[in-house]
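Reader: Before we discuss the charged pairs, could you put the sequence and the structure up for me?

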Amino acid sequence: MVCQTWIVVLTLACFSCGQKTTPQGPAPSQGPAQTGSSINLSFSDLILTMREVVSQQEDTAGLRPSFDFAQDIRVTLEDSLMIFPLPDSGWGGRRESTGSTTAWITIRLRPSRLQVGEAVVASGELRFDLHNNMPEDVGVKLYFQDLVRGEMLELAEVISAESDTTVRLPLGGMILRPFTSGRREGAIRDIRGNMDVETIGLRFIAEQMVDWRFVPTPIPFRSLRGNIIDMRVPFETGPVEVALPSDFNGVTSATLEVSLSNAIAFTRKISMRVTAREDMTGGRTASLDLPAELGDLSEGKPDQPVLTTLRLDETNSNVLDLLNLKPATIEIAGDILLYGVREGQVSQSDRIDIQVAIRSPLEVAFAEHKAVSEPRNMGVNTVARGRIAKATGGTLTLDLANGLPVGVGLRLHLGTDTERLLESPALKIPRQGHISIGAAPIDATTGLVREPLAHREQITLTAAEAAVFSRSRLKSLMVITTEATNDRKVRIVDSDAVKMSIRARISVSE
């Protein structure tokens, strides 16, 4: 008999986030994806948040939960790099002719904050309504020196005798480039072109001409080289619902942090207002304006964003007024003021990424406590379980991340009996004690966790331990034990969490 070895790789995890919920069913598992001698199964990460940790402790369960609000905003120039032609009509440059005449067309633009050296047009068109009131067909040619795609923009059309027609000149991909140097002083004001009208031999008569009317549409730019003068780019989130805990009350400490990643060459200042509303339909409001002296922004580059962090708290703002209102919604609105002292290059996709976070942390001293996630079905499929039943051993890799400001000990419990899973699991990792991870690093300014502390642990499994993964309705949970702070208080928020990711490599014989 030939002995064949199979390798089964499992990635196992589950979520237990925020308030406790009813255990969910198994995550959808892939069918055995056999590659050589391995099978891969994927599940979610296992997470235990600080809100759940606090709610399970007798000496902290009565404290108000912390408040943690964050909103991401992306500001781009897509709707701002645009010019708006004004409606115009008329016939210019009439002269005596036996067969042709020329009109010089000027498309006037609304006053603009854009000083265009050269711009690539994203879309739009030049539209003209034409009426031929002469008794014969005429040929019409429109051409614009300021608009090129290799060569100047040109369109020829034949208009039947005594009839109307509309001509459209699509602008997508065209380059707007002032034709005459020195003509564009300051902001761009117009686009200039010509219209030639030709007959087959009749003399033009003053009362019988081709009348034209320009129909304006906005012209957006894909990119622009030039200058921008005091152009405001607005942004807003609209009302964002806030799920406050019922016992959230009497806030005495809070921070509002604005993180900006600026990838726009022309920048000058950000203005922003955060508004909290007591309920969805009305009621009281409280607002916080970003102080003007904090609004100055440095120029960025698309490939080298400039990072800026602005931080307000109860000592230099009214952020406590927002939270003590117990708001149902929070909304953010403002604008970016663009200004350049020299010529630069911008495009529609240039952006500023803004994150606004409001946090009211708990300050609490921890004793040694245990917190447990909800049991979760692991959902190992039938084919994989059949092969794992013949396990000869294996290894388990745990990738752990402690996002709490205190050290923790972690254990993984596996089993099929929910009632006995905590006290008598089929498999406990580690077998004795727990895996220790130190406290996450703390930000010296805010006292909050700066980033999770990562740790990897590898455990060798016996044949019997590896075979546990073959059991039907297998469940998992995570147990953490917090270290005591010896009456030293630490600052925590709801989003602080412990995370566990699990991979198993199991050798099986057939």
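This is a predicted model: local features need pLDDT of at least 70, side-chain atom pairs count only at pLDDT 80 or more; totals for chains, interfaces and linings use all residues.

Author: Residues are numbered from 1 along each chain as its sequence is written, and side-chain values use heavy atoms, with hydrogens and water left out.

Reader: How many salt bridges does a search of the whole structure find?

Author: A salt bridge is taken here as a side-chain nitrogen of Lys or Arg within 4 Å of a carboxyl oxygen of Asp or Glu. With that criterion, searching the whole structure gives a total of 21.

Reader: Which residue forms a salt bridge with arginine 213, and is that partner buried or exposed?

Author: The closest N and O atoms of the pair are 2.5 Å apart, and the partner of arginine 213 is aspartate 129. The two link distant parts of the chain, 84 residues apart, with arginine 213 in strand E16 (residues 210-215) and aspartate 129 in strand E10 (residues 125-132); strands (E, at least two residues) and helices (H or I, at least four) are DSSP runs numbered from the N terminus. Buried means under 20% relative accessible area, exposed over 50% and partly exposed in between, using a 1.4 Å probe and protein chains only. Arginine 213, at 43%, is partly exposed, whereas aspartate 129, at 14%, is buried.

Reader: How many residues apart are arginine 268 and aspartate 230?

Author: Their side chains meet in a salt bridge with an N to O distance of 3.0 Å. Arginine 268 is in the loop between strand E20 (255-262) and strand E21 (269-277), and aspartate 230 is in the loop between strand E17 (219-228) and strand E18 (231-236), so that the pair links distant parts of the chain, with a separation of 38 residues.

Reader: Why does glutamate 331 count as buried?

Author: Glutamate 331 forms a salt bridge with arginine 277, the closest N and O atoms being 2.7 Å apart. Glutamate 331 lies in strand E24 (residues 329-338) and arginine 277 in strand E21, so the pair ties together parts that are 54 residues apart in sequence. Arginine 277 is partly exposed at 31%, whereas glutamate 331 counts as buried because its relative accessibility is 19%.

Reader: What is the relative accessibility of aspartate 146?

Author: Aspartate 146 is found in strand E11 (residues 138-149), and its C-alpha atom is separated by 9.8 Å from that of methionine 174, 28 residues apart along the chain. Aspartate 146 counts as buried, its relative accessibility being 0%.
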